[in-house]
Amino acid sequence: QVQLVESGGGLVHAGGSLRLSCAASGRTFSTDAMGWLRQAPGKEREFVAEISGSVGSTRYADSVKGRSTISRDNAKNTVYLQMNSLKPEDTAVYYCAARFLLASEYKYWGQGTQVTVSS
């Protein structure tokens, strides 16, 4: 059974930092692209960041670029999202997702972890 389990969310003051983790199990994700997406209350889910498989190339949403870093440890089947200089508008449920190398859509999703940034 494939599972993605996020952790590391919480309540933080504006300007603070959080490191989200996503532990994958049930198959090897080393060649998959792994992404973070978020959904704020009353808003649609939006892309945050993605890291490719073996090469590890990254891309970010403009809203988090320069403040966030996505990384992965394939030996641990884990992907991370380091978020710095957090803003109240970063408040959302953050989801980890995986997509196959040539796929356009994410196939596997985690249950989400809440990030709340207070002003």
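**Close-up views of a predicted model**

View 1. The side chain of Arg99 comes within 2.8 Å of the backbone oxygen of Ala103. The model is predicted, so local features need pLDDT of at least 70 and side-chain atom pairs pLDDT 80 or more, while totals for chains, interfaces and linings use all residues. Residues are numbered from 1 along each chain as its sequence is written, and side-chain values rest on heavy atoms, without hydrogens or water. A second polar contact (N or O atoms within 3.5 Å, one able to donate a hydrogen and the other to accept it; sequence neighbours count only through side-chain atoms of both) links the side chain of Arg99 to that of Glu50, at 2.8 Å. Arg99 belongs to strand β9, residues 92-99; strands are DSSP runs of E, at least two residues long, numbered from the N terminus. Arg99 counts as buried because its relative accessible area is 16%, the limit being under 20% with a 1.4 Å probe on protein chains only.

View 2. Pairing takes at least two DSSP bridges between two strands.

**View 3. β1 beside β3.** Five bridges pair β1 with strand β3 (residues 18-25) in the antiparallel sense. The covered face of β1 holds Leu4 and Glu6, whereas Gln3, Val5 and Ser7 are on the uncovered face. Side chains in a regular strand alternate between the two faces of the sheet.

**View 4. Ser21 in β3.** Staying with strand β3, this view picks out Ser21. With a relative accessible area of 17%, Ser21 is buried. Gly9 is twelve residues away from Ser21 in sequence, and the two C-alpha atoms are 8.8 Å apart in space.

**View 5. The neighbours of β11.** Strand β11 (residues 113-118) shows a covered face made of Thr113, Val115 and Val117, while Gln114, Thr116 and Ser118 are on the uncovered face. Strand β2 (residues 10-13) runs parallel to β11, and four bridges join them. β9 runs antiparallel to β11 and is joined to it by three bridges. Take a look at Val115 in β11: Gly10 stands opposite Val115, and Val115 is also the bridge partner of Ala92.

**View 6. The largest cavity.** Searching the whole structure turns up one cavity of 30 Å³ or more. A cavity is a set of points on a 1 Å grid over the protein atoms alone where a 1.4 Å probe fits but cannot get out; lining residues have an atom within 4 Å of a point. The largest cavity holds about 50 Å³ of space, the volume filled by probe spheres set on grid points joined across faces, edges and corners. Its lining is formed by Ala24, Phe29, Ser30, Met34, Arg72, Asn74, Asn77, Thr78 and Val79. Of these lining residues, four are nonpolar, four polar and one charged. Nonpolar covers Ala, Val, Leu, Ile, Met, Phe, Trp, Tyr, Cys and Pro, charged covers Asp, Glu, Lys and Arg, and the others, Gly among them, are polar.

Note on methods: 1 Å grid on protein atoms, 1.4 Å probe; cavity = no way out; pocket = protein on both sides within 12 Å on 5 of 7 lines; lining within 4 Å. Buried < 20%, exposed > 50% of the residue type's maximum accessible area, 1.4 Å probe, protein only.
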